[in-house]
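This report walks through one structure for a reader who has not seen it before.

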Amino acid sequence: MGSLGRAAKTLFFIACMSASFLLVSAPALLLLTDTILPFALLSTFSHLSHQSLSSYTFRSSLLDIPLISIVRSLVITCVYSICDGVALSHGPYLGTATVCSLLSMMLLWIKALVFEGNLKQLRGAPLIFLASMVLGLSHIVVAYRISCRERRKLLIFYRIDPEAVLGSKKNGFSGYQKVKVLQEVRVQ
């Protein structure tokens, strides 16, 4: 019975560590998924060899859906890689992810409305649209989770050392701005 208990604890530990790894690497995994999945679905359900850039039309081609996903992912990932802990907790990353995702989803809705007459031509078109929409929403969810995690870290650092929070803000602050930053950290 002892070895069975150890095996169960080991499996539980491995599952927890794997889940933790997936949560920490969520932006990178989402970038890969958002880049690969639309192309994989498009190549599964249609023949890319029949569509070339010279014969591209907005009404009849699905090639722009993976391109929208790639641009969305690259912009969000660039902002994520530029931001530090404070910027991740207070706006630029979450704002960029939200704006890019909503814009791309709006473009996809327009594309779906224009493409609606040609849906019989390609049986997997709704799945491609749905996958790109879900991945767009996933970017917002991941950005929100990262923002919350960074706020919690700042709160812990503030409790230990209030100057650590102020030191992490670059570009020196006046006294009023320092008080304002401390109040923001206390509220959150």
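E150 forms a salt bridge with R149, the closest N and O atoms being 3.9 Å apart; a salt bridge here is a side-chain nitrogen of Lys or Arg within 4 Å of a carboxyl oxygen of Asp or Glu. This is a predicted model, in which local features need pLDDT of at least 70 and side-chain atom pairs count only at pLDDT 80 or more, while totals for chains, interfaces and linings use all residues. Residues are numbered from 1 along each chain as its sequence is written, and side-chain values use heavy atoms, with hydrogens and water left out.

E150 is buried, with a relative accessible area of 9%, and R149 is partly exposed at 23%; buried means under 20% relative accessible area, exposed over 50%, and partly exposed in between, for a 1.4 Å probe and protein chains only. R149 and E150 also belong, together with K153, to a network of salt bridges.

A search of the whole structure finds four salt bridges, among them the three pairs in this table.

| Pair | Closest N to O distance |
|---|---|
| E150 and R149 | 3.9 Å |

Helices are DSSP runs of H or I with at least four residues, numbered from the N terminus. R72 counts as buried at 3% relative accessibility, and D34 is buried at 0%.

Helix α3 (residues 64-82) has 19 residues and reaches 27 Å from its first C-alpha to its last, close to the 27 Å expected at 1.5 Å a residue, where the expected span is 1.5 Å times one less than the number of residues. Its buried residues include I65, P66, I68 and S69.

The UniProt record, an unreviewed entry, places the feature "transmembrane region" at residues 12-41, 61-82, 94-115 and 127-146; its positions are given in the numbering used here, feature names are shortened, and annotations may be inferred rather than shown by experiment. The end C-alpha atoms of residues 12-41 lie 34 Å apart, and that span is 97% helix and 0% strand. For residues 127-146 the end C-alpha atoms lie 28 Å apart, and the span is 100% helix and 0% strand, a strand being a DSSP run of E with at least two residues.
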